Amino acid sequence: MLANLSELPVELLNTIGQHAPARDLHSLLLANKHLNEALTPALYSAVTIDNYDAARKYIRTLATDPADVYARRDLAALVRSLNLKFEWYGMPQAIRAKLARRLARAFARTTHLQHLVFRGTYVSTPRVWAALVRAAAPTLRSLDADLDMPRWWPDGSTADVLEGPPFPQLSALTLYVSDDLPREWLGLLEHVLTSRAAHLRALKVPFWEGPLTLPLLRKSPAWSALRTLEIGGSSLVDLAALPPAPNLRSLTLNYTGEEAAALGSTVIPHDLYPHLEVLACPYQLLPAFFPADVPRYRPVHTVRLDRAAYDEDGGGYGDFAQGEQPEWEDVREALSCLPRSAGPVRDLSFFLDWFDAETFGAELAEYVGSLERLLIVLYQDPGNEPHLATLGETLFAHTPRLHTFLLSDAPYKFSDSSTAFFFAWDRKKQLRWLEEWGKHTGALRKVAFTTEFVWRKTADGWTAPERKDEDSSDEEDDEDENEDSEEESEGSVAAAEEQKDTASLTSSRSQDSSDEDRAGDEDDEDDDEEDDNDDDNEVDEEDGHSEDGDDHEDVADANAEHNYREEDSDGDSDDEDEE
């Protein structure tokens, strides 16, 4: 039998490292040298950073010269997947410049990087990208990044450094750019799109300013392997002018409703994207993908209109198009083309201002008989609310495979997160509706009347997360009254003794509190002195043990804590960072 973990074969330790949480990995690294050597690659292999403070520490660690790291390990070379997102719009110029220099040094050694998401405020400069291209171009498989405009380059970069080799393994590309990018940067993007056109499987270019970037896409050869395409911007009006993508399966058009309306009666050739399965677009463009009297219909099975989405956590407001509230009559006219999908359409999401519950079900049922999932995002409460009970007869009886029905009040909450539909927490009313619907369909398994919680049907019936209802039942009210009466009777008997005990306890706690305050003041003075010393040290150890941070934040803090030495590798004082 093994005496300890260190005696396991290296192969098993690697497997443990791949599945262990980052916090546990950090603890194992501190156990002994053998575990540190075996598990450090797992800690750095895949990292997600989503705030500035953690990003600063992580970048500083990766930028450190291997000669200054324990066992002279090149930590940047261990990174395989990096998701780096942070923003701090108040960042002074000097701090941005220092962060960009460190990032360039870190990227210059990411020789095994395969997947990168990089959205860093005002540090995405040509010098940073030149270092990344030189080091990671041979291994990079997916890239998701935004490119800063020249006026935000803090490190003195110039666009002439943006020459680099091709990306022989790149298959997924997401870019956020604007027309303020210099010609050299657009040239680099053109080189990437041209060299990898036949191999890209996912391309997302959500341009919002397109006169210069549209030709960039049009110059690309055919996208023969492309499966996912996302584009945006009012200038991208002619999909037929883009490179052919005969194998495209998912298309997202990030137009606003105003832009889509300006396109008028757009005509999309029936043979364009013949294998399309997932379509996300404004409702105005939906009929263009399902024209009548064509030899073959597109096999679309999922339709998402106006960025309608559902957040089951109740903490978000969805990805709806704010400021635009489509009217039901207009959306209904667009939905009338759905029966022309060869899919058929099984998943439908759309966004409305409101609907009249008395007539809505019958009007929608005419076009959605094949649905299995339906999401409706509303800006206002449904009209004629009591008639929601009739949806079982008017809608669900005509959708025999519908197992998920979701109503979202996310837009309703946007201006005030404490608001929701009037019936959002009336569980008794919702349960009555569910029971009434059950008379007409046995397929429903998941239902929501708000983003606050979701009903699920089990063997015991409909269940939802427990929470105190706003409207208590009569039975609960009677129980509360009886309990209050008993408490009052018992309370009058015990009041004197309780007051006596309270007075004694208060006196004792007062003395204890005074002692604790004096001890606390002494501890605060010691802590302040330690903080002053820590400001001079590159390692912020106190930030490395946050219980509330996610695992990936702990990775960054743990990396800085156990690998970084006290001296600053580039000679810069860290006082700038602490500003």
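Me: In this predicted model, what makes helix H5 roughly parallel to helix H6?

Reply: The axes of H5, residues 93-107, and H6, residues 126-136, cross at roughly 5 degrees and come within 8 Å. Angles under 35 degrees count as roughly parallel, and therefore H5 is described as roughly parallel to H6.

Me: Which residues make the contact of H5 with H6?

Reply: From H5 the contact is made by Ala-100, Leu-103, Ala-104 and Phe-107, while H6 brings Arg-127, Val-128, Ala-131, Leu-132 and Ala-135.

Me: Why are Cys-281 and Cys-337 called buried?

Reply: The term applies under 20% relative accessible area, and Cys-281 has a value of 3%, so Cys-281 is buried. Cys-337, at 1% relative accessibility, therefore counts as buried too.

Me: Where is Thr-64 found, and why is Thr-64 called buried?

Reply: Thr-64 is found in the loop between helix H4, residues 52-63, and strand S2, residues 81-86. Its relative accessible area is 3%, and because buried means under 20%, Thr-64 is classed as buried.

Me: What makes the approach of the Thr-64 side chain to the backbone oxygen of Arg-60 a polar contact?

Reply: A polar atom of the side chain of Thr-64 lies 2.9 Å from the backbone oxygen of Arg-60, and this distance is set against a cut-off of within 3.5 Å for a pair of N or O atoms. The side chain of Thr-64 also reaches the backbone oxygen of Thr-61, at 3.1 Å, and that distance is set against the 3.5 Å cut-off as well.

Me: Is Ser-250 buried or exposed, and what is Ser-250 in contact with?

Reply: Ser-250, which lies in strand S8, residues 250-254, has a relative accessible area of 16%, and because the limit for buried is under 20%, Ser-250 is buried. Leaving aside neighbours within four places in sequence, Ser-250 is in contact with Arg-227, Thr-228, Leu-229, Leu-276 and Val-278.

How values were computed. Residues numbered from 1 in each chain as written. Predicted model: local features only at pLDDT ≥ 70, side-chain atom pairs only at ≥ 80, totals over all residues. Heavy atoms only, no water. Buried < 20%, exposed > 50% of the residue type's maximum accessible area, 1.4 Å probe, protein only. Axes fitted to C-alpha atoms, helices over the stretch in contact; angles between N-to-C directions. Helix = DSSP H or I, 4+ residues; strand = E, 2+ residues; numbered from the N terminus. Parallel < 35°, antiparallel > 145°, perpendicular 65-115°, else oblique. Contact = heavy atoms within 4.5 Å. Polar contact = N/O pair within 3.5 Å; in protein donor to acceptor, adjacent residues only side chain to side chain.
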